[in-house]
Each structure stands twice: as C-alpha cells, then as structure tokens.
Amino acid sequence: MADSSGTTLMDLITADPAPVPAAASSSSSSSASSMTAAASPSATHPQHLSTKTTLGEKKSKRAALMQIQNDTISVAKAALNPVRTNIISHQKQKQKQKKPVSYAQLARSIHELAATSDQKSSQKQLVHHVFPKLAVYNSVDPSLAPSLLMLDQQCEDRMVLRYVYYYLARILADTGSQGLNPGGGIPTPNWDALADIDAVGGVTRADVVPRIVNQLTTEATNTDVEFHARRLQALKALTYSSSSNIEILSKLYEIVFGILDKVGDVPQKRKKGIFGAKGGDKESIIRSNLQYGALSALRRLPLDPGNPSFLHHAVQGISFPDPVAVRHSLEIISDLAIRDPYAVAMALGKLVAPGGALLDVLHLHDVLARVSLARLCHTISTARSLDERPDIKSQFNSVLYQLLLDPSERVCFEAILCILGKHDNTEKTEERAAGWYRLTREILKLPEAPSNSKDKSQKTRRPQPLIKLVMRRLESSFRSFSRPVLHAAARIVQEMGRSRAAAHALGLQDLDEGAYGNQYDAVDSLDSDMNDSSHPEGIRRTTGVSNAAGGKDTIAGMLASLMEVVRTTVACECVYVRAMVIKGLIWMQSPHESFDELKSIIASELSDPAWPATLLNDVLLTLHARFKATPDMAVTLLELARIFATKVPGKIDADVLQLLWKTCLVGAGPDGKHTALEAVTIVLDLPPPQPGSMSGFTSVDRVSASDPKSALALQRLVQAAVWFLGENANYAASEYAWESATPPGTALMMLDADKMVAAASSRNPTLAGALTRLQRCAFSGSWEVRIIAAQALTTVAIRSGEPFRLQIYEFLHALAQGGVQSQLSEMHLSNGEDQGASGTGLGVLITPMIKVLDEMYTAQDDLSKEIRNHDNANKEWKDEELKKLYETHERLLDLVSLFCYVPRAKYLPLGPISAKLIDIYRTRHNISASTGLSDPAVSTGISDLVYESKPAAAESDTLDDDLVNVWAANLGDVPAVNRVNEFLAGAGTDAPDVDENIISRPSVSYDDMWAKTLLESTEMEEDDVRSSGSSSPESTGSVETSISSHFGGMNYPSLFSSRPTTYGGASQPSERSGGSRFNNPSMYEGYGSPIREEPPPYTSPERYDSFENPLAGHGSHSFQSQDDDRVSSGNPQFGTALYDFTAGGDDELSLTTGEEVEIEYEVDGWFYVKKKRPGRDGKMAGLVPVLYVSQSSGST
Amino acid sequence: MILAVLFANSEGNILVERFNGVPTEERLHWRSFLVKLGAENLKGVKNEELLVASHKSVYIVYTVLGDVSVYVVGKDEYDELALAEVIFVITSAVKDVCGKLPTERLFLDKYGRICLTLDEIIWQGYLENTDKDRIRRLVRLKPPTEF
C-alpha cells in the first residue's frame, strides 16, 4: 500500500507529533484501559491496530467499534466529566510511545468531541488533530455520520464545518465497493460488513445516507444570505452521493434548477473585466456565487439531452460573471452539442453573434473554458443537421479559427485538432481527410476589429491561411523547454500526419488541385508573403529540391521546415517526448519519400536502453495504424519493424510484430507479397545469438542482444519468423497443392536434386526463397528454431504442389538421416538424453513428418498403378476399389490435418488424378466432403504417427511437449490482436504494468492442444453436415467455417484464419484497387480486418476462387448434397419469389415477385437458386434470402 | 477526466492519492508505475519543472515540489497541457497552504488542509477552482467571491 518501506502514512504523520496542549489528564476509562493493556482485550486492540487489513483485523475492529459504542454511552452518562481529556491523554501517551494513532482512536475522539463541539478546545482538537489524521484513511466509517451530523448542526466553527462537509461527502461517495470512492491513503475495512457482524452498535451506510442527504438537502435549499457559503458546500457534498440513486438525483436536479431559476437570469450584459473580480454589490456577488455552485453541481450530474430546461440553464451559464461557472456551462454545452447540435445551436442563438457572450469567452482567463469553446464550435460547425444554416455554421467556424491565435497552447492545439477532424477516436477517414483539406486551404479572416483594439493588432488582422498559422505556432512550440508542450506539439504533428494520410488515401490532393491554386491566388492578392504558394504540394514535391529550398511558403516547404524542427526534438531527454516525435515522424512519412532518415533516427533511438517496453510496443502499434491508413507502405513499415526486431528484441511483443508481418503481407497485394515476405524473413538472416558468447555478437548486422534476456527474446522472434514463414509462404507464393495442375511428379523423381531446385526456383522464386531460408534454419538454428523450421517445412510440403514437396521431402530425409544415422540403431533403448547430441537432433521429430509424406507418395504410386491397370484392362472401377481408394484418401487427409491446416474439401493427398474417382465414390455413397475427422480415425492417426514409429513413448512425449510449448508461445496471438485493436481504436486507459514481463503466456499441454483440435473438428463436422459436394459453393462455405473453428481453437495467426473478406480482397486486389477501395468505409474496415479473428459471416463463394479445384470443374455441381434434408438430388426444389429482391453483391441474384426459381441448396439463411431466364441483372443463378422465396413442395 | 492525483515523498511513500474512475485493481499498478517513473526521472529536477509521460491514451504530468513529488494522471480533455494547468494550480495551492516549498514534515503537518485544498481543486475528476485566493476562501468555508 502506501508503505513501500514499511512505514505507513500514519506512522509518518505521527512520527514527530506537533506539541500538544498539555491539559490535565484525568483517568478516563479508555486511557486507563490502554495503560493496562493486557487487562481488557477489547481495549488493547485499538492501540496496536495495524492499518493493514488482515484477517484478524475484523475481530479487533469489531471490538473497537464496541468500545466506541461503550465509550460514547459512558460519555453521555458522565456529562460532568471533561471528556476532551480522552484524546489529550491519547496524544500524550502517543507522544511518549511514538505510536501511530489508530482509526478507532480517531473515531472515538470524534464521537467525544462532537458532544462538546461548543467548546473552543474541542474545535481546536478536531481541526488540528483529529480531522487531518482521519483524512489519511481512504474511507470513512458510516458510524461516524451521527457525530458528523451533530457537528454540522451545532458547531459554528468554519473549519470544523468544512471538514464535516468533506467527510460527509466521502461517506456519500463510498459506494460500498471500496474501489470507487475517490479517497486515498490507508485502506480501511469494509464498514458495512463490519456493522453486520456487530449487531449491537452497527450503523450501516444504508442507515446514515438518507439522514445525511436530508440534512444536506435542507442546507442546500436554505436561502439565508449568510448561509450561502455553507449552502454551496452542502450542494457540493450532495453531488457525491451515488449517481445511480434516482431519488437523490432527481432531488439534486430539483435543487440546482431551483437555484438557477432564481438567480440564473442575467438580463444585463456582463461587464468587461468583471470575471472573477472582487467588488460589486453584495447581492450580485451572492447571486454569482450561487450561480457558480449550481452550475458546478449541474456539471457533475448526468447529461439530460432531451430536457429543454437543462439546456436552457446550461446556456444561461455562458453569461454568468463567474469564470468557473462559464467553464462548466461550456463543458456541458459542448457535451450536449455532440448529441444534439441543432438544439444547442438554436439555444445559443445570438450569443455567438459579434458582441455575444460566446465571443467574450475568447478573452476569458480560463483555459479549459476556451478548450470547451473550441470543441463546441467544431461540433456545431461540422454538424450535418445544420446544413441548412450555413450562417450559423460559419459563425462558429470563425470562432474556432480565432482560437488558433489563442495565447495558450492547450487552446490552440485543441483548435488545431478540431480543424484536423479529430474529436474522439471514432472519426472516419473522410472526416480526417476533410480536416486536412480545411487546414491546408482555409483562411482565417478576423472579424472587424473591436473598438478597443490597438494599431498593433492591425497586422494580425490580415487574413491568414490556417496552415501558416499552425506551422508557425507548432514551430515555436517545438522550441519550448516545457516537456508537456513538446509532447503535445509532437502529438499534434502526429494527428496532422493522420489527417494527411487520410487525405492522400482518399485522393483529395489530386481532386482539388485547381481549386487549391485558385484559392491561393485569392490569398496572394491579400497577402504578399504568399506569392510563391500557388503550387499544390504534389507538384512542389516532384519539381525537386530547388523549389523546396526556395518555396518556403508552400505547404511542402512549411512542412519540411516543421519536420526539421520535429526531428531535432528527438534530442529531448524525455523518452516519452521522443516516442511521440517518432510516432509523429512515422505518420508524417510520405510513402513516396525516402525513409532513410526515419530509419536511422529509429535505429539510434532504440540503442538507448532507457526506452520502456510499453513505449516501444506503442510505436510498433503505430506502425500498424500507419499501415492501415496507407497499405502502400507495407514494405517500408516492415523494414522499420525489422529495426525493432534486431535492436530491441527483448522489449517488443513478438505477437504484435508477427501480426504486423501478417497484416502487411496481406495488404501488400500480389506484387508486394514477395517483397513483404522477404522483409519478414530478413529476421532469419540474423546470426543466432549463441549462449555464452553474446558479447562478441552485437556488432553483426547491428543486432543488440547483449543480455541473456534479449538474446532469448531474439530467439523467440526468430522462431516466430520461421513459423510465420512456414504458415504463410504458400500464401505469399500463391502456390497451393490443390490448385496446382502439375501431376504429382513421377517424372520429377528422376531428376537429381540440383535440377529439382533449379526447376523449383524458376517456377516460383518466392516459395523457393522461403524454402531455402527454412532449410538453412533447420540446419543451423538453435534446437527450438530447428524444430519449428522442420514443422514449417512440412507445412509447406503438404500445402505445395510439385516439385516443392519433393524437394522438401528429400531435404527432410537428409535431415533425418544426418541426425539419426549414428543413433537410430539404439534409439529404441535410449532414454532420449542424447537426442540432438549429434547431427540435427531432429530425427525423432521428423520421422512422423517423413512418414506422412512417404504415405502420400506411396499412395500416389499405388493409385497411378491402379489407374494404369484399369486403363490397360479397360475395366470399370469397382465399388470396393473405390472404397479402398476413398479410405486411403480420408486417412491421408486426417494425417495431413495433424500437421497443418488444409481445406479438406479440396485437398487431394492422392494427387489431382484422384479427384474424379473420389467424387464418384462420394456421389454414390452420399458422403459429404468433410466427414471423417470426427471418427476415431484422428486419434488413431495421432497414435499411428506419434507412437508407431517410436516405441519409446516417454521420450517422444518430452520432445513433443517442448514442441507444443514452443508452438503455444508463438501461436497465441489473441492478446496481440486485442492490443492492436485497442490501440487502433484509441482506447486503453488501464494501468501500466511495471514489471516488464516478457514471457507470461500460459503453457498448453500437448493433450490439451489435441483435445481442443478434436473438439473443434467435431464442431466443424456439424457445420459441414449442411454442406456437401466437393466444390459446390456451399462446400467452400464449409471451408470457411472449418477454418474459423479450426483456427479459432488453435489461435493460429495464419492467413487462413483471417476474415474471408480480407482473404478475398487480398487475392483479388483488382476488386478494390485504386480509389474505390476507400469509398466504402465498411470495405475499408474489412481491409484491415485480419487483425480480427472472429467467426466470419458467410461470404460469397466467388471470393474463394483460390480454393477452387480447377480439376473438379463445373461438372461437380451435379454432385449435389444428398444428405441435406431440404434438397435431395433428383428431386429439385422449386419456389416462387415472394418479393422483389435487389442483389447486394456479386454473388447475389435479383428477384422479381412471382418469379419461379429452382432452389439448389440453402446456406446460412440464403438460398442458392437458379432461374429459367436471366433477370434484371442478367444473371441466372445466385444467392437470395430464404425469406424472399416460398418453397413449393412439388417438383415440376 | 483527471484519473489520479498523487503525492509521494522522496522515498516513494505515497502521502496523498486521489483516484477517479480507476478500478481498484489498477490503482496498485498506477501507484507503482508513478513511483517508479518518479524514481527514475525526478533526480536533480528543478522545483516545479514539469515532466511528462504517457501510457496508451492516458497522460501523466509530474513534478517535484520541495520534498514531495506530485503526479497527475488524466485522459481525454485532460491531456498533457491541461494537466500542466492542473498541476500548476495544485503546486501553487500547496505552496500557499505550506507558506513555502513543503518539506515532508511541513506537508504532513498541513495534511488536513491540503486534503481540503485538493477537494476544492479537483471535484469528481474535473478541475474546479484554479484561483488560489478563491481556493483559500473555500477551504475556510467562505463564499468563492467575497463582498
């Protein structure tokens, strides 16, 4: 708690007690009992009461309460006894023993002193000793309330009363859950619970709160002039009462409105300079005080947007003479304006006109009031509902622009943020883009000079472009010595970058070039300084250095000189300022400019050990956000991210980094995918840190892994990268076994390894490059990396067609041999300790992988033999043969699924030639494509693979445990996802973690993981019951569901698990290229959505082109689901369109009421229907909502 | 919202803390985070020189005043600059109460008065009074503007 060094605050306070008026002490009961400590157990405890909450404390507190009770009673009885000596004797005693005062003592003293509150000495005691010490505790015992109320009624001393209001407010604020009260200091126990135990003397909150509220309400409505200071305090204390209590709340509204009804009307205009000034007649001052009190209370009450009198009173407040009241009123109004800008604008009416009260606020000496004014003006000037009142909007807009000239940075920056279109974190891209447009093109025209203006202001009254004002202001702020100012200025630059990126993304720059120039021409005539500014930024940029140097007044020039200043701010001592500067630089970085400077700044910054991990991760998240705004920058951002990986591996969250890789890879588009993958895997080219020899290692490629912790973290990063590569190489290379038309390479078998590699790299350089990297990792990494590399290779082998699979097979074989050769003979006997002692040590691990590939190849060979036999003999395939084939197919599919995800409906372990035969079998036997995983075959599959080849089960278990842990460490990206989303949403106020915990993920046991897989696959099975047919659209739907369930359970950050819209978007970038990408905000959302891993909704089958098996062809539509109860083949269902339906997407079909359709199948509330002739949209088939079609049962 | 105001002595003992809208389980984190921040950065810092930090969308401004350090945490409209205003009001009011730069002893002796002063400066997470004369009057239960 408060005592990090073992002393409590109370210890500190009472350690050196102030001299106490030494009064004659008479032996009262309590002091006697505390002297003879052991005599009475009920009295001993309070003396030695620890301020920490312990189990035993309840008892002692209870005893203390009982004693308080007894004492109070005895005090009441012995009225003649001067009770104040009680506390004095305590003090004296404490002075001797240097013991801290306990809460119980304080409580007792209050009870006693309250009874004699008319005496001066009692008051003094209370004010100087009791109340200050009571403030140390973070909650106040409700049993004190009666005494406090007694003091409130009887005591005259102002200080005592002030404390009484303070404590009453705290009793009211204490919501019972100890956490929410605003108190601080030493924790006090839960009084309510205590009182429940102590049935005799218990006073619960429930008992006292109504009494307190009543008392305070009476005081708050007391109109006595002399009483009005107390009235304000009573009102203030009342606002602390629980806001959930509607009764109290309505009472409060009543009081506040009552006061404002009386004093709210200020017919005469506020005189200049009256703000906060002393003087004036008594009546108006009291009035102003009451106005202040009422508005302050109103500010703490919940907003009541629909209530006209609420709005009316709030608007009245703007004209009040009290500056704090004006601030509250503006704050309330600006909050209200967000909900209902029209009503607020109407209510403000003439206040915004020249000479109105709102304009007076511009000169009000209260920063926060002007900040609220800026917000208010922004809300109203951008409100849609006021589109018909451009006059009002422009009035508010002009006030907003004037605030740019405000002497306070806080106000000026708020105005800049408002102009930039940032109000909370939910702005849309359009708003931000419009903000950049406003900032760069609008001009501040000051209204006619007020009468008292001097000649000096003549100069500033010339119309000024906003951008120029802002740039000047920012530049001067960056020269400030105040760190908060620097931090804020850097933040403003960041927000500018954000808006600018939004404008670029929407192509605003290009659209309005003409208007831009014209507008500046208009300025030129007014402002001779601006004569060089008629070129838009874009042109200026491209025309080269000479112009940039001379054209100081172009936006580009101004930005350049601002960024120069910003960059120098990196020298600031404070890391937080530096972090903000770097974020600003990242945002201001243009995709077309060289980012070498930024890179070197970041690199040199990261060498500073002062950076806390959270801050670095924040910067990393900024890269995420930047990518979302400008996907073109994927490669640049990956390069930047790489600096983090190499420089501070120990401080960054590998998950967040991995997510960034993934997001960038997806977003990089077809051309960028290769580069993006390269940028990711560059991490792998780092030499691995070797245990024990870290120091000699730092110079290589600027890797900083100087301590074991960061070396370990770098290791983790490398693992993450390897895993990422394995999981996503196929995506990046667009190479899928199920898309490959190349027959399994019987011919390629003949080639030697070199030729194979050459063939591979000529076919698909991306994949070949990835393979080379993985192979190197499998050889030369640390054992963790090698394991993951082998896994990754297997994944790639399973997912790729030839010759890659063969290449990997060869490689794995060599790897296994190398490791196993020396030991294989004795492996069965070995206890596993010497695994990895020689060779690669991966033998045990690789064996099942090789086995699965072996089985695939064997089965493929068998199949091609069979086919040849059948062809030669011209035989038909018999059902048993097909069954055998199908069983092999399913078995292999199960095996393969153990290693990595493959789309079961499409994947053909037996090669493309098997597709037809399997389809035939499936059709004959009504087998849906994805059944099989739920039967025990999977578990047998596991045991087959894992245990069959290795009788030494224990040995394999240990190894697999490691493997799984490594996996688990890399897979769980859900926290990272949350973190990124939270960051992008601008949320997150939760407390920082002080301990920089790097590895804090729960480890998953092997059994758990597989159990989960099995569980998930059962769900998948259920989903798939609805679907059937090898490549009919619904089965692609099932791919989708199975992806999500599969990966949802496993937490794979795989591309396969991303939202299908994204996948579709990435593989078909033409769909959303260019400007159209950003026109639809929801689409834009979807574009960045790989960050989300939620169960996807059903999307169009066409999106899944890449999953389509080309061999299956369109003929496969005839293999329709036959187990679907709605649709059985040979008995097609028909229906009639009930209503008109307009297709909302490519995959949907427009209907006209009454149209006859043939229902193919149903999926997720949609029918896939065919029409006899093309409709309005020229399409014959597509999806329509189920409810739009009435099914006719009969067939035609 | 001003999420927290915290006073600590030079050893990192917390003297006063006021949280607004911070869940109990997070207070401990904030407390140790702020104390750590101060321990790392406040050495040799001049009185009332403002330091800044941020965590997610929350801002922190802190400074030294005599023997005690003051931390203010805020979000939304209470950004680093608004917090600078807040901390300025707090430090000047504390100096006003103590009569000079507070030593730890002096601060503790004026503990009650300081609590009342804070109560007038920050009211339910919002900045209330900024003028130190006015604060002084309100602490003495006098009307904000006197006649």
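This is a predicted model: local features need pLDDT of at least 70, side-chain atom pairs count only at pLDDT 80 or more; totals for chains, interfaces and linings use all residues.
Reader: How much area do chain A and chain B bury between them?

Author: The size of an interface is often given as the accessible area lost when the parts come together. In this model the contact takes 80 residues from chain A and 72 residues from chain B. Of the area buried between the two chains, 55% is on carbon and sulfur atoms, and the total comes to about 6,900 Å².

Reader: Which helix gives the largest share of the side of chain A that touches chain B?

Author: Across the interface of the two chains there are 29 residue pairs in polar contact, with both residues at pLDDT 80 or more. On the side of chain A that touches chain B, the largest share is nine residues, and these come from residues 282–300 of chain A, which form helix α14.

Reader: How many salt bridges are counted between chain A and chain B?

Author: Side chains of opposite charge can pair when their charged atoms come close. One example is B:D119 with A:R162, where the closest N and O atoms are 2.9 Å apart. Over all chains the count comes to 43 salt bridges, and between chain A and chain B it is 10.

Reader: Is A:E414, which meets A:R375 in a salt bridge, buried or exposed?

Author: The side chains of A:E414 and A:R375 meet at 3.0 Å, N to O, and they link helix α21 with helix α19 of chain A, 39 residues apart. A:R375 has 26% relative accessibility and therefore counts as partly exposed. For A:E414 the relative accessible area is 5%, and because a residue under 20% is called buried, A:E414 is buried.

Reader: Which residues are linked with A:R375 in a network of salt bridges?

Author: The pair of A:E414 and A:R375 belongs to a network that includes residues of chain A and of chain B. Linked with A:R375 in this network are A:R410, A:E414, A:R491, B:D79 and B:E80.

Reader: How many residues apart in sequence are the parts that A:D608 and A:R578 tie together?

Author: The side chains of A:D608 and A:R578 meet in a salt bridge at 2.4 Å, N to O. A:D608 lies in the loop between α32 and α33 of chain A, whereas A:R578 lies in helix α31, so the pair ties together parts that are 30 residues apart.

Reader: What is the relative accessibility of A:R578?

Author: Its partner in the salt bridge, A:D608, is partly exposed, with a relative accessible area of 25%. A:R578, by contrast, counts as buried, and its relative accessibility is 6%.

Definitions and conventions:
Residues are numbered from 1 along each chain as its sequence is written. Chains are lettered from A and ligands numbered from 1 in the order in which they are written. Side-chain values use heavy atoms; hydrogens and water are left out. Contact means heavy atoms within 4.5 Å. Buried area is the accessible area (1.4 Å probe) that two parts lose on being put together, summed over both. A salt bridge is a side-chain nitrogen of Lys or Arg within 4 Å of a carboxyl oxygen of Asp or Glu. A polar contact is a pair of N or O atoms within 3.5 Å; within protein, one must be able to donate a hydrogen and the other to accept it, and residues adjacent in sequence count only if both atoms are side-chain atoms. Helices (H or I, at least four residues) and strands (E, at least two) are DSSP runs, numbered from the N terminus. Buried means under 20% relative accessible area, exposed over 50%, partly exposed in between (1.4 Å probe, protein chains only).
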